[in-house]
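Hi,

Here is the structure I promised to pass on to you.

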Amino acid sequence: MESFEFFNPVRVIFGAGKSAVIGQEAAKLGKRVLLVSYLDQSFFSELLLKIVEQLKKEQLEVVTHYAITANPMMSQVRKGVELCRENHIDLIIAVGGGSVMDASKIIAAGVPYPHDLWKMIKSRHDVEVAIPPTEALPLLMVPTLPATSSEMNCGAVVTNDETVEKSYVFHECIFPKLSIIDPELTCGLPKFQTACGAVDAISHVIESYFNCVDDTPLQDRLQEGVILTIMELVEKILIDPANVSLRANIQWASVLAWNGWIQAGVNPGSPMHQMGHVISARFGVTHGATLGMIMPAWMRYIYRQRLDRYVQFAQRIFGINPNGRNPEEVALEGIDAFEEFIKRVGVPTRMSQAGVSAHDIDAMVEEVARISFNADQTLASRPPVGREGVKAVYMGAL
Ligand SMILES: [Fe+2]
């Protein structure tokens, strides 16, 4: 295990019906609210009307910014920053999934940011030096999709409209002040979004589980617990979608998947996400679905180099008995079982299902290299993977 510093200041109010306190809690944080949500209002109009009513009852001024799409774009963020500056907004409330929460975080940090907003996004990867944000407006999150854990971490992902680059920023100033997590809000989610959210949440743990340092037995078991819980619950939810107890448990598991707790001391990379971001940016594929495509291919490419860990995964997640068997066979059986699970919940596992062909691969590899490679021309993974490896994974995911 590596040395680490753990910090997570997010106050969480969790439980069925807790969205009833949004108004009174918001009144403790600000007076002039930017209420951020999706451009497509088909699932949210009633909820948003109720929230506006609660806010007005508390004498709060409300400006709406219902403009966010899946895979949010910088233009949507820029417009949000303009609205905040024009209206002297002092609190941002995000109602939606990871896209809305991430866009809201960048808006919050963008309001006092003196440079072009993209300067803060190019953090970590690019040859250009990023200028991190230093402060942000307070954020209140109301997540409606269990998936990203954006409600309890300090990361945000966005796509540049002009360059079609999808990249991210991490900074303590964009931790939400408060997240009101009400599983009742997720009971009406369509099956595909539910399943993609579950696969995304599992992928956050999988990144950590397979790109970790060695000697993390507690974190391994915490991660296995989160993976098993989400796998078990999502299949039940697809049969019984309005079951608020199932929805509550999967939502909390999804928060723990990436709020930093199970990653403490593990120091993971996120190579599968970096490769998935290029599929989203180029082909508009839902984030969770890109992980459904990349994870099995990544695992099949790398398993021989971390064989013990892949055997452990097969044994502990799928109950495959390794005794007296060739470890490579056991590892592959675990990966096959994992891909079968992803398919069973209705998430694609092949890029060709999204129209990606072999002709696209070289350009995609270059995009990963340009946006996500470290100075040594590899992805932050264990073991590190260069262009050849990225290409092999993409080919394996076709
Ligand atoms: Fe993700």
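Let me start with helix H9 (residues 271-283) and helix H13 (residues 361-372), whose axes come within 9 Å of each other and cross at roughly 120°. Please keep in mind that this is a predicted model. The crossing in which H9 passes H13 is right-handed. On the H9 side, the contact is made by Gln274, Met275, Val278, Ile279, Arg282 and Phe283, and their partners in H13 are Ala363, Met364, Glu367, Val368 and Ser372. By class, this contact of H9 with H13 holds seven nonpolar, two polar and two charged residues.

H13 turns up again when you look at the charged pairs. A search of the whole structure gives 20 salt bridges. One that I would like you to look at joins the side chains of glutamate 165 and arginine 370, with 2.4 Å from N to O. Glutamate 165 sits in the loop between strand E6 (155-159) and strand E7 (166-170), while arginine 370 belongs to helix H13, so this pair ties together parts that are 205 residues apart in sequence. The loop between E6 and E7 also holds valine 164. Phi of valine 164 is near 55°, which is a positive value in a residue other than glycine.

While you are around H13, have a look at the loop that runs between H13 and helix H14 (387-396), where you will find proline 383. The peptide bond that joins arginine 382 and proline 383 is cis, with omega at about -5°.

That brings us to H14 and its partner H10. The axes of H10 and H14 come within 8 Å and cross at roughly 125°, and the two helices are therefore oblique to each other. Their crossing is right-handed. From H10, the residues Ile294, Ala297, Trp298 and Tyr301 meet Gly389, Ala392, Val393, Tyr394 and Gly396 of H14. Sorted by class, the residues of this H10 and H14 contact are seven nonpolar and two polar, with no charged ones.

H10 also packs with another helix. Helix H6 (residues 191-210) and helix H10 (residues 287-302) have axes that come within 8 Å and cross at roughly 40°. H6 and H10 are therefore oblique to each other, and their crossing is left-handed. The H6 side of the contact is made up of Phe192, Cys196, Val199, Asp200, Ser203, His204, Ile206 and Phe210; the H10 side has His287, Gly288, Ala289, Leu291, Gly292, Met295 and Met299. In this contact of H6 with H10, nine residues are nonpolar, five are polar and one is charged.

Now for the sheet. Which strands form it, and in what order? Six strands make an open sheet, running E1-E8-E5-E4-E2-E3, and the pairing is parallel. At the edges are strand E1 (11-14) and strand E3 (61-68), each of which pairs on one side only. Leaving direction aside, neighbouring strands of this sheet are turned by 15° against each other on average. Within the sheet, strand E5 (residues 139-143) and strand E8 (residues 178-181) pair in the parallel sense over two bridges. Here leucine 140 stands opposite leucine 178 in E8.

Helix H8 (residues 244-257) packs on it and touches E1, E5 and E8, and the direction of H8 makes about 165° with that of E1. Helix H2 (residues 45-57) lies across strand E2 (32-38), E3 and strand E4 (91-96), and H2 runs at about 175° to E2.

Those are my notes so far. Happy to go through any of it with you.

Best wishes

Note on methods
Residues numbered from 1 in each chain as written. Predicted model: local features only at pLDDT ≥ 70, side-chain atom pairs only at ≥ 80, totals over all residues. Heavy atoms only, no water. Axes fitted to C-alpha atoms, helices over the stretch in contact; angles between N-to-C directions. Helix = DSSP H or I, 4+ residues; strand = E, 2+ residues; numbered from the N terminus. Left-handed = near helix turned anticlockwise from the far one by under 90°. Contact = heavy atoms within 4.5 Å. Nonpolar A, V, L, I, M, F, W, Y, C, P; charged D, E, K, R; others polar. Pairing = 2+ DSSP bridges. Salt bridge = Lys/Arg side-chain N within 4 Å of Asp/Glu carboxyl O. Parallel < 35°, antiparallel > 145°, perpendicular 65-115°, else oblique.
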